[in-house]
Amino acid sequence: MKVDCTIDGKTLSLSLNSDKPLSLIINENLGAGSGTNHCNGSLCGLCAVLVDGKPTLSCLVPAFELRGKEVQTFDGFRRTKAFKDLEKAYDAVGAYPCSDCYEARSIIFHSLIADDVTDRSEILKELSVIKCSCMDPDDQVAIVKQGMAIRSGKRVRRIQ
Amino acid sequence: MLDGYSSQASMDRNIYEGLSSPNIHTPHNMAEYASIITHYPEAELWAGGTFLMSRPDSYPSRKMGREIISLASMEELHRFQRNDRFAEFGAMVTLDEVMSTGKAVLPKVLLDNIRSIGSRLITRKATIGGAIATRELSTTFPGTLISLDATVEIRFIRKKRLHSRWMQLTRMLDKNGKVSLPPGGMISRIRISFSDKDCQYFTSIGSVLSRPSEAVAIAFTASMDQDVLDNPTIAFTYPDIGILYSRDIDNIFSSLRFPLDEGEFRSLEQIVFTFIDSSIQELSRLQRARTSGILRAIIDDLNEKSLTSPAS
């Protein structure tokens, strides 16, 4: 089936199997997705991408649901200012996700910062989808809060 | 070994990919749905897709000529309404929407069930209708909704016409404890009464999707009045087996006077396991141990409640 969608800012018209998962589309059809894993249903959480701005597990999105959607993979996200701010938050806290979950965790951190989620349990619940246990919970909460502080600092500077 | 497996999987994928692209139907209303399901009675219904996509063999499909009816465009399945007695959800309302719209009014046992799923990356996609109507495995939702005496509206085709019927969820369980729908039938609405029961417990251990043969969930609701349970309902979910519910077990619970001592707990446990063993044979030792642990936690809490409630 023909699927028209936007991936990382490029408008694409793809000819795909209608039930092909987005995680495989990114890996096989687009040759992108450095860290977009396809876990065959084990829900490892490593394939998170942004679909219409919301973090989504790409292994749960079939091709036919992509019509008219805007997808941003980590490759697209790393070119944004939001990612630069997130890197500053990592540096400030002094904690970084491991190479396995860096992409997925960064995308979920970004969505938590964008949604102003400050509640510790909410932050940890949202990140619990990633099965990798490389990060300390306190560090994860600190990164989100630091990310918000960096973003609000920018806002204040803009108003001044 | 792993490389051999992955190359085999990749070869399988190459063989089946391209041969098996399912046809997708997207009805916008019930009339269109009725027309499609009449033409393709074997079509697979697609709600959120969380369960279907998380099956290890979900892609590429080995079924040729597979037809999928995506319910996402049916506006009436996304509706939510409530009055002072109940909340009514369309089958396509996501669990995240259920949580956000009904946080203040919905029964604790249901909210605890949704919270137990964890991340909103899953609950934003999973729908309440899809969570009930999974075929191969039972999720924890039917058990929870049974404990709340929920009713569901079924739409089904008979003599080429679309019919509708409200049913209690308990009546939809077949003899194996699976939720069964009539051929071509779908769940369109779920009605959940606002419960004033003060003892509500939902506990789930193990992963329903990735390790169903080890997972167990128990949903329990009751009111405690003068150390006796009023209208107790308990449902056991074993994802790989089904949902176990019996009025007889509810009656056993209502005959108890709390607090229970160790001997009374042991005999209650024995009755429960006799019922479980009479219904299913394949309960694993881990599931048995987990069931016992959850049951003990519920009884301990009820004991505590009965001891701390003001004397009447």
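Two strands pair if DSSP finds at least two bridges between them. The legends below describe a predicted model.

**View 1. Strand 6 and strand 8 of chain B run antiparallel.** Strand 6 covers residues 151–158 and strand 8 covers residues 186–193, and five bridges join them.

**View 2. An open sheet in chain B is built from five strands.** Their order is 4-5-8-6-7, with antiparallel pairing. Strand 4 (80–82) and strand 7 (161–168) stand at the edges with a single partner strand each, so one side of each has no neighbour in the sheet. On average, neighbouring strands are turned by 20° against each other, direction ignored. Helix 2 (residues 30–39) of chain B packs on this sheet and touches strand 6 and strand 7. The direction of helix 2 makes about 55° with that of strand 6.

**View 3. Helix 3 and helix 4 of chain A cross at roughly 100°.** The axes of helix 3 (residues 81–93) and helix 4 (residues 102–114) come within 10 Å. Angles of 65 to 115 degrees count as roughly perpendicular, so helix 3 is roughly perpendicular to helix 4 in chain A. Ala82(A), Phe83(A) and Leu86(A) of helix 3 meet Ser106(A), Phe109(A) and His110(A) of helix 4. Four of the residues in this contact are nonpolar, two are polar and none is charged.

**View 4. Chain B touches chain A.** Here 25 residues of chain B are in contact with 24 residues of chain A. Helix 3 (50–53) and helix 6 (120–123) of chain B each supply at least two residues of chain B's side. The largest share, three residues, comes from helix 6. Chain B's side divides into nine nonpolar, 11 polar and five charged residues.

Key: Residues are numbered from 1 along each chain as its sequence is written. Chains are lettered from A and ligands numbered from 1 in the order in which they are written. This is a predicted model: local features need pLDDT of at least 70, side-chain atom pairs count only at pLDDT 80 or more; totals for chains, interfaces and linings use all residues. Axes are lines fitted to C-alpha atoms, for helices over the stretch in contact, and angles run from 0 to 180 degrees between N-to-C directions. Helices (H or I, at least four residues) and strands (E, at least two) are DSSP runs, numbered from the N terminus. Angles under 35 degrees count as roughly parallel, over 145 as roughly antiparallel, 65 to 115 as roughly perpendicular and the rest as oblique. Two residues are in contact if their C-beta atoms, placed from the backbone, lie within 7 Å. Ala, Val, Leu, Ile, Met, Phe, Trp, Tyr, Cys and Pro count as nonpolar, Asp, Glu, Lys and Arg as charged, and the others, Gly among them, as polar.
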